[in-house]
Amino acid sequence: SAGLGAIANALACLARRLRPIVRCPTFKYNTKIRAGRGFTLDELKAAGINVKLASTIGISVDPRRRNRSLESLQANVQRLKEYRSKLILFPRKAGQPKQGDSDAEQLKLATQLKGDMLPIRQPTEKLVARAVTDEEKKYSVFQAMRIARADARLIGIREKRAKQKAEEAKMAMSKGE
C-alpha cells in the first residue's frame, strides 16, 4: 500500500505542473484555448529557463511540440516568466543557498499554493453590433466562392489555351514575313 501512495503522490505532482496555453484543433474548436502537454524548447529558451531545470521546478516540457505562431510563443513565454517570478526556490541545504535560490526574506513569506497554477481563462471579446453597409449587401459570397473554385479548376486549361494562342501568333508572324 505504501507503493500506491507514492504513485498517487507522483501523479498529483504531475497534475500540478505548469502547462502551456494551446489552441484546440479543428475549425469548430479553434477559438478555444486549453492546457497543452508541455512547453516547447524555444519557449523555454526565450524565457531563459534551462530544460533540465524546468522539469525540476514543476514546468512540463514537450520536445515534440512546435510553435506555429508568434502570438502563442509570446503568450507562453510570458506565462513562464510570470511563473518564475512567483516561484520561491528553497535551497537544498538550509545554510548554503546557491545561485537561483530565493533569499531568506522570501523563504519566510512562502506559502503553499492551493488550487490551479496560473489558471487558463478563455479570452472574452465584446462584440459590438453595427449596420450592414450597401457594399456588403451587394457582395455575394456564394458567387465569389463559385468564381474562385472555377478559376482554380480551369487554371491549367486557360494556361494551355494562352500558350497555344501565343504559338499561333508566332507562326502567323513568321509566315507573314
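Helices (H or I, at least four residues) and strands (E, at least two) are taken as DSSP runs and numbered from the N terminus. On this basis the chain has seven helices and two strands, and along the sequence these follow the pattern α-β-β-α-α-α-α-α-α. The model is predicted: local features need pLDDT of at least 70, side-chain atom pairs count only at pLDDT 80 or more, and totals for chains, interfaces and linings use all residues. Residues are numbered from 1 along each chain as its sequence is written, and side-chain values use heavy atoms, with hydrogens and water left out.

Of the 177 residues in the chain, 18% are buried, where buried means under 20% relative accessible area, exposed over 50% and partly exposed in between (1.4 Å probe, protein chains only). The chain exposes about 15,200 Å², with 56% supplied by carbon and sulfur atoms; accessible areas come from the Shrake-Rupley method with a 1.4 Å probe, and for residues only the protein chains shown count as cover. When contacts (heavy atoms within 4.5 Å) between residues at least 6 apart in sequence are considered, 53% join residues at least 24 apart.

The charged pairs come next. A salt bridge is a side-chain nitrogen of Lys or Arg within 4 Å of a carboxyl oxygen of Asp or Glu, and the count comes to five. In one of them, Arg65 pairs with Glu43, with the closest N and O atoms 3.0 Å apart. Because Arg65 lies in the loop between α3 (51-56) and α4 and Glu43 in helix α2 (residues 41-47), this pair ties together parts that are 22 residues apart in sequence. Arg65 and Glu43 are both buried.

Asp62 and Arg64 also form a salt bridge, at 3.4 Å from N to O. Here Asp62 is buried, at 7% relative accessibility, whereas Arg64 is exposed, at 62%. A further salt bridge joins Glu82 and Lys86, whose closest N and O atoms are 3.3 Å apart. These two residues of helix α4 are separated by about one helical turn because they are four residues apart. Glu82 is partly exposed, with a relative accessible area of 34%, and Lys86 is exposed, at 56%.

Helix α7 (residues 141-176) contains Met145, which is partly exposed at 45% relative accessibility.
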